[in-house]
Structures are given as C-alpha cells and as structure tokens.
Amino acid sequence: VQLQASGGGLVQAGGSLTLSCAGQGLSFSRATMGWFRQAPGKVREFVSAIIWYSFRNSGTTNYADSVKGRFTISRDSAKNTVYLQMNSLKPEDTAVYYCAAEKVALYGGAWSSADRYGYWGQGTQVTVSS
C-alpha cells in the first residue's frame with residue numbers, strides 16, 4: 001500500500017486549501033482513511049476520518065472539534081483518492097498533514113487513534129500566515 005499526499009502550501013489566514021491523498025494497493029471503498037497533523041514540538045493529532053461500512057453500503061465522516069465546520073473530508077473511490085477541503089484556515093492549523101489508511105472499518109472512535117492505522121503517506125506542509 002502506498003499513499004501519496006499533496007496539496008499543501010502557504011496561505012493567508014481565512015484562506016483555503018485542498019489536500020489530496022492518492023492510494024495504491026488499497027480499496028478505498030472498504031478502508032478507513034484519516035488525516036492527521038503534527039505541528040513543531042507537538043504530538044500528532046487527529047484531524048478527520050472517513051469510514052466506509054461495506055455491509056451497510058454507507059459511510060461516515062468524523063472531525064476533530066478544532067476543525068469541525070471548516071474542514072470537509074471526502075473520497076473518490078474510482079480514483080482511490082481522499083480529499084481534505086480546508087476553509088477558514090487559521091495560523092494554528094499550521095502543521096505537516098499526513099494521510100493514513102487502514103484496510104478495515106474502524107469503530108468506536110478508533111478512527112481517531114494514529115496507532116490504529118497501518119499505512120501512512122509522507123506528509124504535506126500547510127502553513128497559514130496571520
């Protein structure tokens with residue numbers, strides 16, 4: 001499994017960016033895909049996850065409180081790509097953003113734990129200037 005994250009950059013506060021995570025060797029229609037971020041001197045933290053429950057043929061999305069209402073996670077299974085649309089960016093959103101994947105649906109909040117994901121992309125830098 002290979003994950004390739006892209007789309008980071010420098011943006012002013014209030015601006016927007018869209019991150020992409022393209023995957024190979026993984027069926028996004030049955031996986032849990034997550035975004036995490038790590039700022040300098042801080043631990044890696046959960047940002048968002050999208051989980052597809054194949055037995056229900058439906059999915060759910062989850063967000064950290066700090067990004068709820070500003071970030072939107074989505075997926076394009078045909079392209080095996082997950083997106084993170086980030087709006088109303090704040091300086092405190094500055095971090096390296098990582099996409100992560102797990103081959104199964106994660107339940108009960110497990111989708112917010114970095115150690116539950118088996119595959120990681122290389123990270124993309126997002127810098128928000130004030």
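How many of the nine residues of strand E5 (residues 45-53) are buried? In this predicted model, eight of the nine are buried, with under 20% relative accessible area as the cut-off. Strand E5 is therefore largely enclosed by the rest of the structure.

**Strand E5 and its partners**

Strand E5 pairs with strand E4 (residues 32-38) in the antiparallel sense through six bridges. Within this pairing, Met33 has Ile50 of E5 as its bridge partner. Strand E5 is also joined to strand E6 (residues 58-63), again antiparallel and again by six bridges. Here Trp52 stands opposite Gly59 in E6. Both pairings are hairpins, and the table lists the residues between the strands together with a residue of positive phi.

| Hairpin | Residues between the strands | Residue with positive phi |
|---|---|---|
| E4 and E5 | six residues | Gly41, about 75° |
| E5 and E6 | four residues | Asn57, near 50° |

**The four-stranded sheet**

Four strands form an open sheet in the order E1-E3-E8-E7, with antiparallel pairing. Strand E1 (2-6) and strand E7 (71-76) stand at the edges, and each has a single partner strand, so one side of each is left without a neighbour in the sheet. On average, neighbouring strands of this sheet are turned by 15° against each other, direction ignored. Ile73 stands opposite Leu84 in E8. In general, strands of a sheet pair through backbone hydrogen bonds, either parallel or antiparallel.

Technical notes
Residues numbered from 1 in each chain as written. Predicted model: local features only at pLDDT ≥ 70, side-chain atom pairs only at ≥ 80, totals over all residues. Heavy atoms only, no water. Pairing = 2+ DSSP bridges. Helix = DSSP H or I, 4+ residues; strand = E, 2+ residues; numbered from the N terminus. Axes fitted to C-alpha atoms, helices over the stretch in contact; angles between N-to-C directions. Buried < 20%, exposed > 50% of the residue type's maximum accessible area, 1.4 Å probe, protein only.
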